[in-house]
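I opened my notebook to look up a few strands and pockets here.

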Amino acid sequence: MARDAGLEELLREDLGQRPGLSEKAMFGGWGFLLNGHLLCGAREDGMLVRLGKGKDAWALALPDIKRMLSREREMQGWVRAGPEAYGNDMLRKRLLIAALDFVEGLPPK
């Protein structure tokens, strides 16, 4: 899987400078972590977003958003947004705000 530099840059701009934010190569793409917890990611097949178990139904009801699959297994609380979804500035930011709300509530690693 190849990285998506354009999506990575969008996520950097949206997330800005915040304490505890870091980046690293993950899952064949680029991951953004907050206090050691994966928050979101960028790959050529879309934007990965961590919303938390039971907190993803609203996102899954939207076009071009699917549950994340890992080795054919659905990952509860994680979604993958395709280009139609993450290309919409308002929707991308709404997904990131929801991810930040969830991950900020986790204890630091």
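Before sorting any lining by class, I wrote down the rule: Ala, Val, Leu, Ile, Met, Phe, Trp, Tyr, Cys and Pro count as nonpolar, Asp, Glu, Lys and Arg as charged, and the others, Gly among them, as polar. I also noted that this is a predicted model.

**Entry: the second largest pocket.** I found about 160 Å³ of space in it. Its lining has four nonpolar, one polar and five charged residues. Among the lining residues I listed Asp45, Asp64, Lys66, Arg67 and Arg80. Strand β5 gives the most to this lining, with five residues, and β6 supplies at least two.

**Entry: the largest pocket.** I read about 320 Å³ of space here. Of the 19 residues that line this pocket, Phe27, Arg43, Leu48, Met68 and Ser70 are the closest to its centre. By class I got eleven nonpolar, five polar and three charged. β3 gives the most, with five residues, while β2, β4, β5 and β6 each supply at least two.

**Entry: strand β4.** Is β4 buried or exposed? I checked residues 46-50: five of the five are buried, so the strand is largely enclosed by the rest of the structure.

**Entry: the partners of β4.** I looked at β3 (residues 37-43), which pairs with β4 in the antiparallel sense over four bridges. A hairpin of two residues joins β3 to β4. I then turned to β6 (residues 73-81), which also pairs with β4 in the antiparallel sense, over four bridges.

Note on methods: Residues are numbered from 1 along each chain as its sequence is written. This is a predicted model: local features need pLDDT of at least 70, side-chain atom pairs count only at pLDDT 80 or more; totals for chains, interfaces and linings use all residues. Side-chain values use heavy atoms; hydrogens and water are left out. Buried means under 20% relative accessible area, exposed over 50%, partly exposed in between (1.4 Å probe, protein chains only). Two strands pair if DSSP finds at least two bridges between them. On a 1 Å grid over the protein atoms alone, a cavity is a set of points where a 1.4 Å probe fits but cannot get out, and a pocket is an open set with protein on both sides within 12 Å along at least five of seven lines; lining residues have an atom within 4 Å of a point. Grid points are joined across faces, edges and corners, and a volume is the space filled by probe spheres set on the points.
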